[in-house]
Amino acid sequence: MEIPVFTLDAFTNLPFRGNPAAVCPLQRELSDDLYHKIAAEMNLSETAFITRTNPSDSFTTGSRFRLRWFTPTTEVNLCGHATLASAAVLFQYNKNVNPTLVFETKSGDLCVTQKEEGYIMDFPLNPPTRQDPNDFKDTIKAAVGNLPVQEVYLSNNTKKLLIRLADSCDTSVLTHLKVDSVALQNSERSGRVRAVVVTMKGSPDCQPGYDFYSRNFAPWVGIPEDPVTGSAHTVLGSYWSDKLGKKKLLAYQCSSRGGELELEVRDDGRINIAGQTITILQGTIKL
């Protein structure tokens with residue numbers, strides 16, 4: 001069996017920046033065991049598998065596809081950067097003729113539309129709820145040490161714990177934050193948390209005008225740090241839209257690779273997440 005595979009860096013237009021995802025367009029479904037093995041072999045934060053919903057369609061003519069995402073250790077319910085990369089593969093390499101693609105996923109239908117040099121993803125919004133920091137004190141300590149924390153929120157739907165650093169912190173504090181992923185994972189074993197998102201207010205008056213910054217740590221799903229996380233911004237977008245009183249936001253995830261996301265929080269309980277991609281590798285998996 002030969003399976004085409006692409007590696008794209010998402011939420012960037014520069015190579016070796018953003019978040020790398022592997023994408024495999026498949027002629028037929030594979031076993032879950034094989035999905036896990038391929039994702040472990042690719043060893044990226046996510047590997048995406050695309051299959052056709054209608055056998056009479058091709059990757060060029062079809063507008064609906066099934067999409068699943070796997071980390072090196074587990075399947076996940078929602079992934080932004082690998083969805084962006086999957087759409088880019090179908091549009092750029094399969095020359096898909098449709099203006100919008102619909103992916104059937106564990107998080108429902110996700111639509112991706114071409115926009116100038118990039119793509120706009122239609123994702124569910126996941127509003128978090130405010131928490132008592134004392135309920136997560138060990139996890140907060142493992143994530144940010146003694147840095148001043150302004151608020152703690154939790155998205156029960158995505159199990160992402162949002163830790164907002166105090167506005168008095170400089171951006172460099174977040175950029176240089178070092179997190180021990182083993183200690184972080186050991187700090188929370190109840191299952192309430194699957195990722196910790198550390199965030200802080202940006203400086204929209206200074207170029208390029210980021211409204212907020214973030215970093216994302218998910219050792220619970222085999223990802224010590226995810227470079228640029230679309231799914232986290234379904235939580236962050238809701239939180240910062242409410243705090244800043246604006247619907248359109250420009251976000252920067254300041255991992256060592258870094259990536260930019262354009263967000264628009266909609267009134268129908270969903271969020272548009274826009275970004276670009278660049279292809280790094282194209283090849284074949286031989287089994």
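This is a predicted model: local features need pLDDT of at least 70, side-chain atom pairs count only at pLDDT 80 or more; totals for chains, interfaces and linings use all residues.
In this briefing, helices are DSSP runs of type H or I with at least four residues, numbered from the N terminus.

- The buried residues of helix 6 are His233, Thr234, Val235, Leu236, Gly237, Ser238, Tyr239, Trp240 and Ser241.
- Threonine 229 sits in the loop that runs between strand 14 and helix 6.
- The relative accessible area of threonine 229 is 4%, which is under 20%, so this residue counts as buried.
- Setting aside residues up to four places away in sequence, threonine 229 touches Asn216, Gln253 and Leu261.

- Contacts link the two domains: 18 residues of domain 1 are in contact with 20 residues of domain 2.

**The largest pocket**

- The volume of the largest pocket is about 520 Å³.
- This pocket is lined by 27 residues, and those closest to its centre are Val76, Asn77, Leu78, Thr158 and Lys160.
- At least two lining residues come from each of strand 5 (75-76), helix 2 (80-92), strand 13 (212-218) and strand 14 (223-226).
- Sorted by class, the lining of the largest pocket holds 9 nonpolar, 11 polar and 7 charged residues.
- Both domains take part here, since domain 1 and domain 2 each provide at least three residues of the lining of the largest pocket.

**The second largest pocket**

- The second largest pocket holds about 300 Å³ of space.
- Of its 19 lining residues, Glu260, Glu262, Ala274, Gly275 and Gln276 are the closest to the centre.
- Strand 8 (118-124), strand 16 (259-265) and strand 17 (270-275) each supply at least two residues of this lining, and strand 16 gives the most, with 3 residues.
- The lining of the second largest pocket has 5 nonpolar, 7 polar and 7 charged residues.
- Where does this pocket lie? The second largest pocket lies between domain 1 and domain 2, because both give residues to its lining.

**Glutamine 276, beside the second pocket's centre**

- Glutamine 276 is one of the residues closest to the centre of the second largest pocket, and is found in the loop between strand 17 and strand 18 (277-286).
- With a relative accessible area of 25%, glutamine 276 is partly exposed.
- Not counting residues up to four places away in sequence, glutamine 276 touches Asp9, Ala10, Phe11, Thr12, Asn13, Leu84, Glu117 and Gly118.
- Glutamine 276 and proline 127 are separated by 149 residues in sequence and by 25 Å in space, C-alpha to C-alpha.

**Glutamate 46, an annotated position**

- An unreviewed UniProt entry carries the annotation "active site" for Glu46.
- Glutamate 46 belongs to strand 3 (residues 46-52).
- Is glutamate 46 buried or exposed? Glutamate 46 is buried, with a relative accessible area of 5%.
- Leaving aside neighbours within four places in sequence, the contacts of glutamate 46 are Pro20, Ala21, Ala22, Trp69, Phe70, Thr71, Val76, Cys79, His81, Ala82, Ile223 and Asp226.
- One of those contacts, Val76, is also among the residues closest to the centre of the largest pocket.

- Asparagine 43 is not a glycine, yet has a positive phi of about 55°.
- This asparagine is found in the loop between helix 1 (32-42) and strand 3.
- Asparagine 43 has a relative accessible area of 55%, which is over 50%, so this residue counts as exposed.
- Lysine 95 likewise is not a glycine and has a positive phi, of about 50°.
- The loop between helix 2 and strand 6 (100-105) holds lysine 95, which is exposed, with a relative accessible area of 56%.

Conventions:
Residues are numbered from 1 along each chain as its sequence is written. Side-chain values use heavy atoms; hydrogens and water are left out. Buried means under 20% relative accessible area, exposed over 50%, partly exposed in between (1.4 Å probe, protein chains only). UniProt positions are given in the numbering used here, feature names are shortened, and annotations may be inferred rather than shown by experiment. Contact means heavy atoms within 4.5 Å. On a 1 Å grid over the protein atoms alone, a cavity is a set of points where a 1.4 Å probe fits but cannot get out, and a pocket is an open set with protein on both sides within 12 Å along at least five of seven lines; lining residues have an atom within 4 Å of a point. Grid points are joined across faces, edges and corners, and a volume is the space filled by probe spheres set on the points. Ala, Val, Leu, Ile, Met, Phe, Trp, Tyr, Cys and Pro count as nonpolar, Asp, Glu, Lys and Arg as charged, and the others, Gly among them, as polar. Domain bounds come from an automatic or database domain assignment.
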